[in-house]
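Hello,

Here is the structure I promised to pass on to you. Have a look at it first, and then read my notes below.

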Amino acid sequence: MIYLIPPLCDITVPLLGPYQMAGFADSIGYSFEIHDLNIAFAKHIVKEAPRDAVQEKTPLNGLDSIEEQAVARFIAQCQNFKSYDDVLNGLRNCTSLKSYWHTMDYMRACYDAYSLKFNNMRFKIDGFDTSYRWNIWNDSKQFISDAFNSELLPLIQNWLDKISFPNKEIIGINITFDSQYFFALLICAVLRKTRPDLRIVIGGGFVNSFIDSAESIGPLGRYCDTVCADEGEALLWDLNANQNDSNKLHSLGQ
């Protein structure tokens, strides 16, 4: 199984659950490969932020304009950060709370600069704010439509292009936090369009805790094959016992 961690827009909360599952998979001889797209998203934002902060854009009004100017000035002052590795080194080598918060404020400014390009979406280092509601079917459909016309689509397509997907492979997608929900939908929609032979399973803490009824599973069910509202280890054991037979997913329900 190839297991994808969609961006959760939080660089301070590494997800341990998927790696615990990878350890369990290894213990039963099941092939399990993790791709952390949260890190990929953070790297992209740090790379693009200086450019986003200085390039000419459509003039903003009111508080958005003030925020844009403040973010641009702050990023311009942080000449010691040129890449994601510089940010990591800043965190590794900080010797005081002041230097720590300086680094974190730079990351916060990078996310803010990136967010100003979007309507109805706000990417932050402590989550993802949006007017779309995860439990409303039409909101999920509208998000997919809007995101397909934004730069999020080629960004996600680029991430997926770098992954080697064997034919008829089972793809697991993790949703531990609600901030991952819409990214997971977009990843599913892209895979559905480009690799319809893949079988997509969605699971994780957020699914187990909140998406546990037919009414709330509905939006997810449009874009994947199976919603696993149970312990992921049980699914891995079952797939391993059945030689990774993707047809088995049909009998697991949704």
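What percentage of the 254 residues in the protein do buried residues make up? The share is 47%, where buried means under 20% relative accessible area, exposed means over 50%, and partly exposed lies in between (1.4 Å probe, protein chains only).

Before going on, please keep in mind that this is a predicted model: local features need pLDDT of at least 70, side-chain atom pairs count only at pLDDT 80 or more, and totals for chains, interfaces and linings use all residues. Residues are numbered from 1 along each chain as its sequence is written, and side-chain values use heavy atoms, with hydrogens and water left out.

**The whole protein**

The protein has twelve helices and seven strands; these are DSSP runs numbered from the N terminus, with helices being H or I of at least four residues and strands E of at least two. Its accessible surface comes to about 12700 Å², and 50% of that belongs to carbon and sulfur atoms (Shrake-Rupley method, 1.4 Å probe; for residues, only the protein chains shown count as cover). Take the contacts (heavy atoms within 4.5 Å) between residues at least 6 apart in sequence: 74% of them join residues at least 24 apart.

**The sheet and the hairpin**

Five strands form an open sheet with parallel pairing, in the order 2-1-5-6-7. Two strands pair if DSSP finds at least two bridges between them. Strand 2 (33-36) and strand 7 (226-228) are at the edges and have a single partner strand each, so one side of each lacks a neighbour in the sheet. From one strand to the next, the twist averages 25 degrees (axes are lines fitted to C-alpha atoms, for helices over the stretch in contact, and angles run from 0 to 180 degrees between N-to-C directions). Strand 6 (residues 199-203) pairs with strand 7 in the parallel sense over three bridges, and Gly203 has Cys228 of strand 7 as its bridge partner.

Strand 3 (residues 121-124) and strand 4 (residues 127-130) pair in the antiparallel sense over four bridges, and they form a hairpin with two residues between them. Phe123 has Phe128 in strand 4 as its bridge partner. In a regular strand the side chains alternate between the two faces of the sheet. In strand 3, Met121 and Phe123 make up the covered face, while Arg122 and Lys124 make up the uncovered one.

Helix 7 (residues 152-161) has Leu152, Leu153, Leu155, Ile156, Trp159 and Leu160 as its buried residues. Seen down the helix axis, these fall within an arc of 165 degrees, so they line one face of helix 7; the arc is that of the directions from the helix axis to the C-beta atoms.

Helix 5 (residues 97-115) has 19 residues and reaches 26 Å from its first C-alpha to its last, close to the 27 Å expected at 1.5 Å a residue (the expected span is 1.5 Å times one less than the number of residues). Its buried residues include Thr103, Met107 and Tyr114.

**Loops worth a look**

Most residues other than glycine have a negative phi. Cys9, which is not a glycine, has a positive phi of about 55 degrees, and Lys168 has one of about 60 degrees. Cys9 is in the loop between strand 1 (2-5) and helix 1 (17-27), and counts as buried because its relative accessibility is 0%. Lys168 is in the loop between helix 7 and strand 5 (170-174), and counts as exposed because its relative accessibility is 62%.

Best wishes
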